[in-house]
Amino acid sequence: MKIYNALLAICFTLISQIATAGYTLPSYEKVTLQNGLTVILMEQHEVPLIDVNIVVNVGAIDDANNAGLSYLTAQNLLLGTKHLSKTQLDQQIDFVGAELYSTANLEFSTIGASFAVKDTDNIMNILRDAVLFPRFDETEFNKHKSRHALQLTQRKESPRSVINQYFNRLIFGQNGYGAVTSGDQESIKSISLPLIQQHHSKWYTANNAAIIVVGDFETNVMKEKIKKLFSSWSSANPALQQQDIKKTPHASSPQVLLVNKGDARESTFLIGGKGIARNNPDIVGLSVINTILGGRFTSWLNDELRVNAGLTYGARSRFTSYSHDGTFTISTFTKTETTIEAIDLALKTYQRLWQQGIDSATLTSAKAYVKGQFPPKFETASQLADLLANMYGYGFDESYINTFEQQVDSLTIEKSQQLINSYFPKENLQFVVIGKAEQIRTALAKYGKITETDIKESGFNIQ
(Lines give C-alpha, C1' and ligand atoms only; values in the text may rest on other atoms or scores of the structure.)
Protein backbone atom coordinates (compact mmCIF):
# COMPACT_ATOMS: atom_id res chain seq x y z
CA MET A 1 0.00 0.00 0.00
CA LYS A 2 2.84 2.37 0.80
CA ILE A 3 4.38 1.74 -2.62
CA TYR A 4 0.99 2.33 -4.26
CA ASN A 5 0.53 5.62 -2.38
CA ALA A 6 4.04 6.71 -3.29
CA LEU A 7 3.46 5.96 -6.98
CA LEU A 8 0.15 7.80 -6.81
CA ALA A 9 1.85 10.82 -5.29
CA ILE A 10 4.49 10.78 -8.03
CA CYS A 11 1.78 10.63 -10.71
CA PHE A 12 -0.07 13.60 -9.22
CA THR A 13 3.21 15.53 -9.00
CA LEU A 14 3.99 14.86 -12.66
CA ILE A 15 0.49 15.85 -13.72
CA SER A 16 0.78 19.04 -11.69
CA GLN A 17 4.15 19.85 -13.26
CA ILE A 18 2.78 19.30 -16.77
CA ALA A 19 -0.25 21.43 -16.03
CA THR A 20 1.79 24.33 -14.67
CA ALA A 21 4.56 24.13 -17.26
CA GLY A 22 2.30 25.42 -20.04
CA TYR A 23 2.45 24.73 -23.75
CA THR A 24 5.30 26.20 -25.79
CA LEU A 25 5.86 25.97 -29.50
CA PRO A 26 8.45 23.32 -30.46
CA SER A 27 11.75 24.74 -31.71
CA TYR A 28 12.15 25.43 -35.41
CA GLU A 29 14.66 26.99 -37.78
CA LYS A 30 13.90 29.95 -40.01
CA VAL A 31 16.23 31.03 -42.81
CA THR A 32 16.03 33.16 -45.94
CA LEU A 33 17.54 31.88 -49.18
CA GLN A 34 19.51 34.15 -51.51
CA ASN A 35 16.48 34.57 -53.77
CA GLY A 36 14.43 35.87 -50.82
CA LEU A 37 12.43 32.71 -50.12
CA THR A 38 11.65 32.23 -46.42
CA VAL A 39 12.20 28.66 -45.20
CA ILE A 40 10.75 27.43 -41.89
CA LEU A 41 11.66 23.92 -40.70
CA MET A 42 10.33 22.10 -37.64
CA GLU A 43 11.37 18.52 -36.87
CA GLN A 44 8.72 16.22 -35.40
CA HIS A 45 9.77 12.57 -35.28
CA GLU A 46 6.74 10.97 -33.62
CA VAL A 47 5.32 9.55 -36.88
CA PRO A 48 6.91 9.08 -40.34
CA LEU A 49 4.93 11.88 -41.96
CA ILE A 50 5.76 15.29 -43.40
CA ASP A 51 3.52 18.30 -43.95
CA VAL A 52 4.48 21.15 -46.26
CA ASN A 53 2.80 24.52 -46.71
CA ILE A 54 3.95 27.01 -49.34
CA VAL A 55 2.48 30.41 -48.51
CA VAL A 56 2.36 33.29 -51.00
CA ASN A 57 1.48 36.81 -49.86
CA VAL A 58 -1.44 37.43 -52.17
CA GLY A 59 -5.14 37.13 -51.41
CA ALA A 60 -8.55 38.55 -52.12
CA ILE A 61 -7.52 42.01 -50.91
CA ASP A 62 -5.28 42.15 -54.00
CA ASP A 63 -7.93 41.07 -56.52
CA ALA A 64 -9.20 44.61 -57.24
CA ASN A 65 -12.13 44.30 -59.68
CA ASN A 66 -11.53 40.59 -60.31
CA ALA A 67 -13.06 38.99 -57.21
CA GLY A 68 -11.94 35.38 -56.94
CA LEU A 69 -8.73 35.84 -58.93
CA SER A 70 -6.34 34.81 -56.16
CA TYR A 71 -8.57 31.88 -55.24
CA LEU A 72 -8.79 30.55 -58.81
CA THR A 73 -5.04 31.06 -59.30
CA ALA A 74 -4.35 28.93 -56.24
CA GLN A 75 -6.82 26.30 -57.42
CA ASN A 76 -5.18 26.21 -60.85
CA LEU A 77 -1.99 24.91 -59.24
CA LEU A 78 -3.79 21.56 -58.82
CA LEU A 79 -4.80 21.33 -62.48
CA GLY A 80 -1.45 19.98 -63.69
CA THR A 81 2.20 20.99 -64.09
CA LYS A 82 4.52 21.27 -67.07
CA HIS A 83 5.45 17.61 -66.51
CA LEU A 84 2.10 16.17 -65.43
CA SER A 85 -1.44 16.56 -66.70
CA LYS A 86 -4.18 16.88 -64.10
CA THR A 87 -5.01 13.20 -64.48
CA GLN A 88 -1.37 12.17 -64.08
CA LEU A 89 -0.96 14.47 -61.10
CA ASP A 90 -4.04 13.06 -59.39
CA GLN A 91 -2.89 9.51 -60.07
CA GLN A 92 0.56 10.07 -58.59
CA ILE A 93 -0.88 11.65 -55.45
CA ASP A 94 -3.49 8.92 -55.02
CA PHE A 95 -0.99 6.11 -55.66
CA VAL A 96 1.12 7.03 -52.64
CA GLY A 97 -1.84 8.03 -50.44
CA ALA A 98 -0.69 11.63 -50.15
CA GLU A 99 -2.89 14.71 -49.85
CA LEU A 100 -2.44 17.80 -52.04
CA TYR A 101 -4.49 20.97 -51.57
CA SER A 102 -4.51 24.66 -52.36
CA THR A 103 -6.61 27.65 -51.39
CA ALA A 104 -6.56 31.40 -50.84
CA ASN A 105 -8.04 33.63 -48.16
CA LEU A 106 -8.28 37.39 -47.83
CA GLU A 107 -4.54 37.89 -47.29
CA PHE A 108 -2.53 34.93 -48.56
CA SER A 109 -2.60 31.83 -50.74
CA THR A 110 -1.44 28.36 -49.76
CA ILE A 111 -0.57 25.13 -51.52
CA GLY A 112 0.26 22.23 -49.26
CA ALA A 113 0.80 18.52 -49.06
CA SER A 114 0.81 15.78 -46.43
CA PHE A 115 2.73 12.60 -47.21
CA ALA A 116 4.80 9.69 -45.93
CA VAL A 117 8.54 10.22 -45.47
CA LYS A 118 9.34 7.62 -48.13
CA ASP A 119 7.62 9.81 -50.76
CA THR A 120 9.45 13.02 -49.88
CA ASP A 121 11.42 13.44 -53.10
CA ASN A 122 8.46 12.71 -55.35
CA ILE A 123 5.99 15.00 -53.57
CA MET A 124 8.49 17.83 -53.08
CA ASN A 125 9.18 17.77 -56.83
CA ILE A 126 5.46 17.93 -57.55
CA LEU A 127 5.03 20.86 -55.16
CA ARG A 128 7.91 22.72 -56.78
CA ASP A 129 6.47 22.23 -60.26
CA ALA A 130 2.94 23.13 -59.14
CA VAL A 131 4.10 26.48 -57.73
CA LEU A 132 6.78 27.41 -60.27
CA PHE A 133 5.51 25.70 -63.43
CA PRO A 134 1.72 25.24 -63.37
CA ARG A 135 0.27 23.81 -66.56
CA PHE A 136 -2.30 26.52 -67.38
CA ASP A 137 -4.44 24.05 -69.31
CA GLU A 138 -7.36 25.87 -70.98
CA THR A 139 -9.69 22.87 -70.94
CA GLU A 140 -9.07 21.95 -67.32
CA PHE A 141 -9.31 25.57 -66.20
CA ASN A 142 -12.64 26.15 -67.92
CA LYS A 143 -14.07 22.96 -66.42
CA HIS A 144 -12.91 23.99 -62.96
CA LYS A 145 -14.27 27.51 -63.39
CA SER A 146 -17.68 26.14 -64.37
CA ARG A 147 -17.75 23.86 -61.33
CA HIS A 148 -16.75 26.73 -59.09
CA ALA A 149 -19.47 29.01 -60.47
CA LEU A 150 -22.04 26.27 -59.78
CA GLN A 151 -20.77 25.89 -56.22
CA LEU A 152 -21.15 29.64 -55.68
CA THR A 153 -24.77 29.42 -56.78
CA GLN A 154 -25.39 26.45 -54.50
CA ARG A 155 -23.82 28.23 -51.52
CA LYS A 156 -26.53 30.87 -51.65
CA GLU A 157 -29.01 28.12 -50.73
CA SER A 158 -27.35 27.93 -47.30
CA PRO A 159 -27.47 31.30 -45.48
CA ARG A 160 -24.88 30.17 -42.95
CA SER A 161 -22.41 29.65 -45.81
CA VAL A 162 -22.58 33.25 -46.99
CA ILE A 163 -23.73 35.43 -44.09
CA ASN A 164 -20.19 36.23 -42.95
CA GLN A 165 -19.43 37.65 -46.39
CA TYR A 166 -22.43 39.94 -46.17
CA PHE A 167 -21.32 41.04 -42.71
CA ASN A 168 -17.75 41.79 -43.84
CA ARG A 169 -19.11 43.81 -46.74
CA LEU A 170 -21.32 45.77 -44.34
CA ILE A 171 -18.41 46.47 -41.96
CA PHE A 172 -15.51 47.03 -44.40
CA GLY A 173 -17.12 48.01 -47.70
CA GLN A 174 -16.31 46.58 -51.09
CA ASN A 175 -12.50 46.55 -50.85
CA GLY A 176 -9.97 45.45 -48.27
CA TYR A 177 -11.45 42.94 -45.84
CA GLY A 178 -14.81 43.31 -47.53
CA ALA A 179 -13.41 41.53 -50.60
CA VAL A 180 -15.02 38.26 -51.68
CA THR A 181 -12.39 35.53 -51.51
CA SER A 182 -14.09 32.99 -53.75
CA GLY A 183 -15.60 35.58 -56.09
CA ASP A 184 -19.20 35.66 -57.28
CA GLN A 185 -21.06 34.42 -60.33
CA GLU A 186 -20.41 37.58 -62.36
CA SER A 187 -16.75 38.15 -61.41
CA ILE A 188 -15.83 34.52 -62.10
CA LYS A 189 -17.17 34.78 -65.66
CA SER A 190 -14.67 37.54 -66.49
CA ILE A 191 -11.58 35.71 -65.16
CA SER A 192 -9.69 34.17 -68.05
CA LEU A 193 -6.68 31.87 -68.11
CA PRO A 194 -4.36 34.67 -69.39
CA LEU A 195 -5.46 36.77 -66.40
CA ILE A 196 -4.60 33.83 -64.10
CA GLN A 197 -1.17 33.59 -65.76
CA GLN A 198 -0.53 37.30 -65.26
CA HIS A 199 -1.57 37.10 -61.62
CA HIS A 200 0.68 34.11 -61.03
CA SER A 201 3.64 35.74 -62.75
CA LYS A 202 3.25 38.92 -60.72
CA TRP A 203 2.72 37.50 -57.23
CA TYR A 204 4.22 34.02 -57.13
CA THR A 205 7.81 35.05 -56.56
CA ALA A 206 10.42 33.74 -54.13
CA ASN A 207 10.70 36.91 -52.05
CA ASN A 208 6.91 36.98 -51.65
CA ALA A 209 6.63 33.47 -50.25
CA ALA A 210 7.59 31.01 -47.53
CA ILE A 211 7.93 27.24 -47.51
CA ILE A 212 7.08 25.58 -44.22
CA VAL A 213 8.01 21.96 -43.52
CA VAL A 214 7.02 20.07 -40.37
CA GLY A 215 7.58 16.39 -39.69
CA ASP A 216 10.00 13.50 -39.69
CA PHE A 217 13.19 14.80 -41.34
CA GLU A 218 16.65 16.09 -40.51
CA THR A 219 16.75 19.88 -40.72
CA ASN A 220 20.09 20.15 -42.54
CA VAL A 221 19.06 17.52 -45.10
CA MET A 222 15.69 19.18 -45.76
CA LYS A 223 17.30 22.61 -46.00
CA GLU A 224 19.64 21.42 -48.74
CA LYS A 225 16.78 19.72 -50.54
CA ILE A 226 14.78 22.95 -50.57
CA LYS A 227 17.77 24.95 -51.77
CA LYS A 228 18.22 22.55 -54.66
CA LEU A 229 14.55 22.58 -55.60
CA PHE A 230 13.69 26.26 -55.12
CA SER A 231 16.89 28.26 -55.59
CA SER A 232 15.93 28.93 -59.22
CA TRP A 233 12.61 30.53 -58.20
CA SER A 234 12.90 34.13 -59.36
CA SER A 235 12.23 37.19 -57.20
CA ALA A 236 10.34 40.36 -57.86
CA ASN A 237 12.46 43.48 -57.98
CA PRO A 238 11.50 45.55 -56.12
CA ALA A 239 9.63 43.30 -53.71
CA LEU A 240 5.86 43.40 -54.10
CA GLN A 241 3.64 45.29 -51.70
CA GLN A 242 0.13 44.17 -50.88
CA GLN A 243 -2.73 46.61 -50.93
CA ASP A 244 -2.48 49.09 -48.08
CA ILE A 245 -5.31 48.21 -45.73
CA LYS A 246 -6.63 51.30 -44.05
CA LYS A 247 -8.33 50.62 -40.74
CA THR A 248 -12.08 51.02 -41.09
CA PRO A 249 -13.67 53.38 -38.55
CA HIS A 250 -16.34 52.14 -36.19
CA ALA A 251 -19.90 52.54 -37.44
CA SER A 252 -21.51 55.86 -36.59
CA SER A 253 -25.06 54.51 -36.52
CA PRO A 254 -26.83 51.14 -36.19
CA GLN A 255 -27.60 49.44 -39.48
CA VAL A 256 -29.58 46.41 -40.59
CA LEU A 257 -28.78 44.58 -43.80
CA LEU A 258 -31.82 42.47 -44.67
CA VAL A 259 -31.07 39.78 -47.23
CA ASN A 260 -34.30 38.42 -48.63
CA LYS A 261 -34.56 34.66 -49.15
CA GLY A 262 -38.10 34.23 -50.37
CA ASP A 263 -38.36 30.52 -49.60
CA ALA A 264 -36.80 30.73 -46.12
CA ARG A 265 -38.55 29.18 -43.14
CA GLU A 266 -36.03 30.52 -40.67
CA SER A 267 -33.93 33.63 -40.16
CA THR A 268 -30.15 33.52 -39.86
CA PHE A 269 -28.54 36.56 -38.28
CA LEU A 270 -25.26 38.13 -37.18
CA ILE A 271 -24.98 41.00 -34.72
CA GLY A 272 -21.74 42.83 -34.00
CA GLY A 273 -19.20 45.28 -35.26
CA LYS A 274 -15.49 45.96 -35.46
CA GLY A 275 -13.12 43.55 -33.71
CA ILE A 276 -9.34 43.36 -33.33
CA ALA A 277 -6.26 42.70 -35.45
CA ARG A 278 -4.46 39.37 -35.13
CA ASN A 279 -1.45 40.88 -33.34
CA ASN A 280 -3.50 42.67 -30.68
CA PRO A 281 -1.83 41.96 -27.29
CA ASP A 282 -5.24 41.43 -25.65
CA ILE A 283 -6.36 38.67 -28.01
CA VAL A 284 -5.88 35.90 -25.42
CA GLY A 285 -7.83 37.67 -22.70
CA LEU A 286 -10.64 38.36 -25.15
CA SER A 287 -10.79 34.69 -26.08
CA VAL A 288 -11.47 33.83 -22.43
CA ILE A 289 -14.24 36.41 -22.10
CA ASN A 290 -15.77 35.34 -25.39
CA THR A 291 -15.78 31.73 -24.17
CA ILE A 292 -18.13 32.86 -21.41
CA LEU A 293 -20.34 34.85 -23.74
CA GLY A 294 -20.61 32.49 -26.69
CA GLY A 295 -17.52 30.37 -27.21
CA ARG A 296 -18.60 27.02 -25.75
CA PHE A 297 -21.72 24.91 -25.33
CA THR A 298 -22.34 26.18 -21.78
CA SER A 299 -21.94 29.83 -22.78
CA TRP A 300 -24.46 32.51 -21.86
CA LEU A 301 -25.78 32.81 -25.40
CA ASN A 302 -26.26 29.10 -25.90
CA ASP A 303 -27.83 28.66 -22.47
CA GLU A 304 -30.34 31.46 -23.01
CA LEU A 305 -31.29 30.95 -26.65
CA ARG A 306 -31.05 27.16 -26.94
CA VAL A 307 -31.34 25.57 -23.51
CA ASN A 308 -33.71 27.97 -21.74
CA ALA A 309 -35.78 29.47 -24.57
CA GLY A 310 -35.59 26.71 -27.18
CA LEU A 311 -35.28 29.28 -29.98
CA THR A 312 -32.35 27.68 -31.81
CA TYR A 313 -30.06 24.68 -31.95
CA GLY A 314 -27.05 26.81 -31.12
CA ALA A 315 -25.87 30.39 -30.55
CA ARG A 316 -22.27 31.57 -30.60
CA SER A 317 -20.04 34.62 -30.59
CA ARG A 318 -16.52 35.07 -31.92
CA PHE A 319 -13.73 37.46 -32.82
CA THR A 320 -12.42 37.03 -36.38
CA SER A 321 -9.01 38.64 -36.75
CA TYR A 322 -6.88 39.61 -39.76
CA SER A 323 -3.49 41.28 -39.97
CA HIS A 324 -4.80 44.82 -39.56
CA ASP A 325 -8.42 44.59 -38.46
CA GLY A 326 -11.21 42.22 -37.51
CA THR A 327 -14.85 41.68 -36.57
CA PHE A 328 -16.88 40.59 -33.58
CA THR A 329 -20.13 38.71 -34.20
CA ILE A 330 -22.98 37.00 -32.38
CA SER A 331 -24.57 34.38 -34.59
CA THR A 332 -27.55 32.05 -34.59
CA PHE A 333 -30.69 31.08 -36.52
CA THR A 334 -34.34 30.61 -35.59
CA LYS A 335 -37.82 30.12 -37.06
CA THR A 336 -39.10 33.09 -39.03
CA GLU A 337 -41.86 33.60 -36.46
CA THR A 338 -39.36 33.94 -33.59
CA THR A 339 -36.81 36.17 -35.35
CA ILE A 340 -37.37 39.26 -33.24
CA GLU A 341 -37.68 37.28 -30.02
CA ALA A 342 -34.31 35.62 -30.70
CA ILE A 343 -32.57 38.88 -31.63
CA ASP A 344 -33.95 40.61 -28.52
CA LEU A 345 -32.80 37.76 -26.28
CA ALA A 346 -29.35 37.74 -27.89
CA LEU A 347 -29.03 41.47 -27.27
CA LYS A 348 -30.28 41.14 -23.69
CA THR A 349 -27.77 38.36 -23.03
CA TYR A 350 -24.97 40.37 -24.62
CA GLN A 351 -25.74 43.31 -22.30
CA ARG A 352 -24.90 41.10 -19.30
CA LEU A 353 -21.24 41.86 -20.04
CA TRP A 354 -21.84 45.42 -18.84
CA GLN A 355 -24.87 45.13 -16.58
CA GLN A 356 -23.86 42.04 -14.62
CA GLY A 357 -20.22 41.46 -15.47
CA ILE A 358 -18.27 38.25 -14.91
CA ASP A 359 -18.01 36.67 -11.49
CA SER A 360 -14.98 34.84 -10.13
CA ALA A 361 -16.37 31.30 -10.48
CA THR A 362 -17.36 31.87 -14.11
CA LEU A 363 -13.98 33.34 -14.97
CA THR A 364 -12.14 30.46 -13.28
CA SER A 365 -14.20 27.92 -15.23
CA ALA A 366 -13.59 29.69 -18.55
CA LYS A 367 -9.85 29.94 -17.92
CA ALA A 368 -9.63 26.21 -17.21
CA TYR A 369 -11.66 25.44 -20.34
CA VAL A 370 -9.54 27.63 -22.60
CA LYS A 371 -6.27 26.19 -21.27
CA GLY A 372 -7.56 22.66 -21.70
CA GLN A 373 -8.60 23.30 -25.31
CA PHE A 374 -5.35 24.97 -26.33
CA PRO A 375 -2.62 22.27 -26.54
CA PRO A 376 -4.69 19.77 -28.63
CA LYS A 377 -4.89 22.38 -31.39
CA PHE A 378 -1.15 21.97 -32.06
CA GLU A 379 -0.45 18.26 -31.63
CA THR A 380 0.04 16.98 -35.18
CA ALA A 381 2.52 17.97 -37.87
CA SER A 382 -0.38 19.20 -39.99
CA GLN A 383 -1.67 21.45 -37.20
CA LEU A 384 1.81 22.84 -36.57
CA ALA A 385 2.37 23.47 -40.28
CA ASP A 386 -0.92 25.38 -40.44
CA LEU A 387 0.05 27.38 -37.35
CA LEU A 388 3.41 28.38 -38.84
CA ALA A 389 1.68 29.29 -42.10
CA ASN A 390 -0.72 31.56 -40.21
CA MET A 391 2.15 33.10 -38.26
CA TYR A 392 3.86 33.98 -41.54
CA GLY A 393 0.70 35.03 -43.38
CA TYR A 394 -0.82 37.14 -40.60
CA GLY A 395 2.46 38.43 -39.20
CA PHE A 396 2.43 37.29 -35.58
CA ASP A 397 5.14 35.39 -33.71
CA GLU A 398 5.42 32.51 -31.25
CA SER A 399 4.94 34.75 -28.22
CA TYR A 400 1.19 34.26 -28.72
CA ILE A 401 1.71 30.51 -28.22
CA ASN A 402 4.45 30.56 -25.62
CA THR A 403 2.74 33.03 -23.29
CA PHE A 404 -0.83 31.83 -23.84
CA GLU A 405 -1.35 30.07 -20.51
CA GLN A 406 0.46 32.82 -18.63
CA GLN A 407 -1.86 35.40 -20.16
CA VAL A 408 -4.90 33.30 -19.33
CA ASP A 409 -3.78 32.89 -15.72
CA SER A 410 -3.13 36.61 -15.32
CA LEU A 411 -6.66 37.61 -16.38
CA THR A 412 -8.57 39.11 -13.45
CA ILE A 413 -12.14 40.31 -12.96
CA GLU A 414 -10.94 43.92 -13.17
CA LYS A 415 -8.91 43.30 -16.33
CA SER A 416 -11.84 41.44 -17.89
CA GLN A 417 -14.10 44.44 -17.43
CA GLN A 418 -11.47 46.72 -18.96
CA LEU A 419 -11.29 44.47 -22.02
CA ILE A 420 -15.08 44.34 -22.31
CA ASN A 421 -15.30 48.12 -22.24
CA SER A 422 -12.44 48.51 -24.74
CA TYR A 423 -13.18 45.89 -27.37
CA PHE A 424 -16.72 44.53 -27.34
CA PRO A 425 -18.87 46.80 -29.54
CA LYS A 426 -21.70 48.25 -27.47
CA GLU A 427 -23.09 51.15 -29.48
CA ASN A 428 -24.20 51.32 -33.11
CA LEU A 429 -24.39 47.56 -33.59
CA GLN A 430 -24.55 46.17 -37.11
CA PHE A 431 -27.06 43.49 -38.09
CA VAL A 432 -27.23 41.10 -41.01
CA VAL A 433 -30.42 39.06 -41.26
CA ILE A 434 -31.09 36.51 -43.99
CA GLY A 435 -34.71 35.40 -44.14
CA LYS A 436 -38.15 35.98 -45.57
CA ALA A 437 -38.13 39.78 -45.82
CA GLU A 438 -41.88 40.35 -46.12
CA GLN A 439 -42.49 38.74 -42.73
CA ILE A 440 -39.70 40.41 -40.73
CA ARG A 441 -38.94 43.71 -42.52
CA THR A 442 -41.20 45.97 -40.45
CA ALA A 443 -40.17 44.55 -37.07
CA LEU A 444 -36.44 44.82 -37.88
CA ALA A 445 -36.68 48.59 -38.28
CA LYS A 446 -36.33 49.10 -34.52
CA TYR A 447 -32.69 47.96 -34.67
CA GLY A 448 -31.47 50.52 -37.22
CA LYS A 449 -31.75 51.82 -40.75
CA ILE A 450 -32.60 48.94 -43.08
CA THR A 451 -30.78 48.27 -46.32
CA GLU A 452 -32.23 45.45 -48.37
CA THR A 453 -30.93 43.06 -51.02
CA ASP A 454 -31.90 39.63 -52.33
CA ILE A 455 -29.83 36.50 -51.90
CA LYS A 456 -30.43 35.65 -55.58
CA GLU A 457 -28.57 38.79 -56.64
CA SER A 458 -25.08 38.04 -57.92
CA GLY A 459 -22.37 38.91 -55.48
CA PHE A 460 -22.75 40.65 -52.14
CA ASN A 461 -23.44 44.19 -53.25
CA ILE A 462 -25.04 46.52 -50.72
CA GLN A 463 -26.94 49.45 -52.16
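Predicted model: local features only at pLDDT ≥ 70, side-chain atom pairs only at ≥ 80, totals over all residues.

Guide: Residues are numbered from 1 along each chain as its sequence is written, and side-chain values use heavy atoms, with hydrogens and water left out.

Visitor: Is strand 7 largely enclosed or open?
Guide: Strands (E, at least two residues) and helices (H or I, at least four) are DSSP runs numbered from the N terminus. Buried means under 20% relative accessible area and exposed over 50%, with partly exposed in between (1.4 Å probe, protein chains only). In strand 7, residues 255–260, five of the six residues are buried, so the strand is largely enclosed.

Visitor: Which residue stands opposite N260 in strand 12?
Guide: Two strands pair if DSSP finds at least two bridges between them. Strand 7 has six bridges to strand 11 (residues 430–435), running parallel, and there N260 partners G435. Six bridges also join strand 7 to strand 12 (residues 449–454), again parallel. In strand 12, the residue opposite N260 is D454.

Visitor: Which exposed residues does helix 9 carry on the face turned away from its buried side?
Guide: Helix 9 covers residues 219–230, and its buried residues are T219, M222, K223, I226, L229 and F230. Seen down the axis, they fall within an arc of 135° (taken from the directions from the helix axis to the C-beta atoms), so they line one face. The face turned away carries N220, V221 and K228.

Visitor: How far apart are the end C-alpha atoms of helix 15?
Guide: Ten of its 14 residues are buried, so helix 15 is largely enclosed by the rest of the structure; among them are L384, M391 and Y392. The expected span of a helix is 1.5 Å times one less than its number of residues. For helix 15 that gives 20 Å, and the end C-alpha atoms agree, at 20 Å.

Visitor: What is the volume of the largest pocket?
Guide: On a 1 Å grid over the protein atoms alone, a pocket is an open set of points with protein on both sides within 12 Å along at least five of seven lines, a cavity is a set where a 1.4 Å probe fits but cannot get out, and lining residues have an atom within 4 Å of a point. The largest pocket is lined by 39 residues, with N290, R318, F319, T320 and K377 nearest its centre. Grid points are joined across faces, edges and corners, and a volume is the space filled by probe spheres set on the points. For this pocket, that comes to about 1,200 Å³.

Visitor: Which element gives the most to the lining of the second largest pocket?
Guide: This pocket has a volume of about 430 Å³. Its lining has 21 residues, with N164, Q165, N168, T181 and Y322 nearest the centre. The elements giving two or more residues are helix 6, strand 9 and strand 10. With seven residues, the one that gives the most is helix 6.

Visitor: How much space lies in the largest cavity?
Guide: Searching the whole structure turns up one cavity of 30 Å³ or more. L152, R155, K156, V162, S182, G183, D184, Q185 and F460 line the largest cavity. The space inside is about 50 Å³.
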